Amino acid sequence: MARVVIVSARIGAGHDGAARELDRWFADRGAHVVRADFLDLLPGRLGELLCGAYHQQLNTVPRSWDWLLGALGTPALAGAARRFAGLATPRLRELLGDNTDVVVSTYPLATHAVARLRRSNELTAPLVVYLTDPSVHRLCVSPDATLTVAPNETAARQAKALGAGRTLVSRPLVAPAFRPSTGMTERLRLRLAFGLPHDGPLALVVAGSWGVGQIGQTADDLLATGLVEPVVVCGRNEALAEKLRKTGHRHVFGWVDKMPELMRACDVVVQNAGGLTTSEALATGLPVLTYRCLPGHGRANAAVLHDDGIVPWVHTPSELTEALEWLLRRPVKAAG
């Protein structure tokens with residue numbers, strides 16, 4: 001039985017979501033799968049501090065993420081980030097042992113920690129880099145990877161330009177529960193279960209597991225179009241959920257365990273980062289819009305999805321109205 005080690009990170013939900021589906025994919029093929037969180041491989045409380053700093057940055061000074069991603073694209077800071085990743089190698093080496101057959105990374109710093117072990121010949125198992133975003137940053141790729149898996153042709157081209165070796169394109173893995181609705185009966189049943197209106201278009205507003213970004217403004221703008229009723233998912237951001245309820249929004253959720261069902265109850269998804277949620281919505285057969293997207297990776301993802309004709313990037317409230325009118329008339333179909 002092959003031993004597969006998947007290294008992810010609990011920074012947002014996208015890296016862990018990809019790791020979870022890769023776990024399922026390998027297990028279905030008879031592999032013994034071990035999953036690890038890169039943050040737990042760092043010394044002391046360093047991983048916890050890194051996660052907290054990133055969360056705080058997105059909440060308080062999100063525009064600085066644009067600057068930081070740009071800076072991390074320079075050779076000096078990219079090199080510093082790779083050296084930082086090396087702090088995880090002692091625990092990573094212990095985790096991998098001598099009987100690992102494949103290592104899969106869904107998180108950039110984990111990629112570089114594994115790559116360091118390959119360069120020093122302490123690891124002979126192949127390294128597969130699984131890209132989780134439609135766009136690719138320099139830190140997401142390593143020339144030491146055996147294979148880089150990209151979610152689209154644009155990401156594959158970007159990865160190769162940044163030094164990736166063998167690269168292939170594979171549709172993003174999502175949980176089987178993300179499927180199109182079977183019809184009006186299922187949709188009405190799900191709306192009743194979630195306490196949603198039984199008629200009229202519903203726009204599902206999502207902002208990742210942390211609920212960051214201009215979520216309140218997005219919900220207000222959607223309501224102002226007069227075309228849809230916003231259904232807002234705030235993830236683990238309970239303060240945001242309470243604030244939206246107090247300002248009069250009727251359909252506000254915190255953490256949702258039944259996201260596939262909630263998606264099937266709605267008519268369109270409005271998102272701000274373009275990662276896992278977009279893939280899940282498209283698999284559910286819902287049209288998707290990017291609006292008030294996050295700086296940094298959010299804007300980079302939005303540009304790729306827009307240019308590839310997959311998800312329109314809407315910039316203004318008037319564009320939002322026009323896009324909703326168009327999408328509600330022409331919903332996209334689930335891929336594949």
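The side chains of R189 and E186 meet in a salt bridge, with N and O 4.0 Å apart. A salt bridge here is a side-chain nitrogen of Lys or Arg within 4 Å of a carboxyl oxygen of Asp or Glu. The model is predicted, so local features need pLDDT of at least 70 and side-chain atom pairs count only at pLDDT 80 or more, while totals for chains, interfaces and linings use all residues. Residues are numbered from 1 along each chain as its sequence is written, and side-chain values use heavy atoms, without hydrogens and water.

R189 and E186 both lie in helix α9 (residues 184-194). They are 3 residues apart, about one turn of the helix. Helices (H or I, at least four residues) and strands (E, at least two) are DSSP runs, numbered from the N terminus. E186 is buried, at 6% relative accessible area. Buried means under 20% relative accessible area, exposed means over 50%, and partly exposed lies in between (1.4 Å probe, protein chains only).

Side chains of opposite charge can pair when their charged atoms come close. The whole structure holds 16 salt bridges. One of them joins D40 to R10, with the closest N and O atoms 3.0 Å apart. This pair links distant parts of the chain. D40 is in helix α2, R10 is in the loop between β1 and α1 (14-28), and 30 residues separate them. Both partners are partly exposed: D40 has 45% relative accessibility, and R10 has 33%.

R292 and D221 also meet in a salt bridge, at 2.9 Å from N to O. Here too, distant parts of the chain are linked. R292 sits in the loop between β11 (288-291) and α14 (297-307), and D221 sits in helix α10 (residues 215-225), 71 residues apart. R292 is partly exposed, at 26%, whereas D221 is buried, at 16%. Shared partners join R179, E186, R189 and R264 into one salt-bridge network.

The largest nonpolar core has 44 residues. Such a core is a set of buried Ala, Val, Leu, Ile, Met, Phe, Trp, Tyr and Cys residues joined through side-chain atoms within 4.5 Å. V7, F38 and L92 touch the most other members. Elements that give two or more residues include β1 (3-8), α2 (38-41) and α6 (89-96). Helix α7 gives the most, with 6 residues. V7 touches A36, F38, L41, L92, V103, V104, S105, T106, Y107 and A110, leaving aside residues up to four places away in sequence. Contact means heavy atoms within 4.5 Å. A second, separate core of 25 residues includes L190, L204, L262 and V288.

A pair of aromatic rings is described by the distance of the centres and the angle of the planes. Rings of Phe, Tyr and Trp (its six-membered ring) pair if their centres lie within 6.5 Å; planes under 30 degrees apart count as stacked, over 60 as edge-to-face and the rest as tilted. The count comes to 3 aromatic pairs. In one of these, the ring centres of W25 and F26 are 5.1 Å apart and the planes meet at 85 degrees, so the pair is edge-to-face. W25 is partly exposed, at 36%, but F26 is buried, at 16%.

F38 and Y107 form a tilted pair, 5.7 Å centre to centre with 50 degrees between the planes. F38 lies in helix α2 and Y107 in the loop between β3 (102-105) and α7, so the pair ties together parts 69 residues apart in sequence. F38 is buried, at 1%, and Y107 is buried, at 9%.
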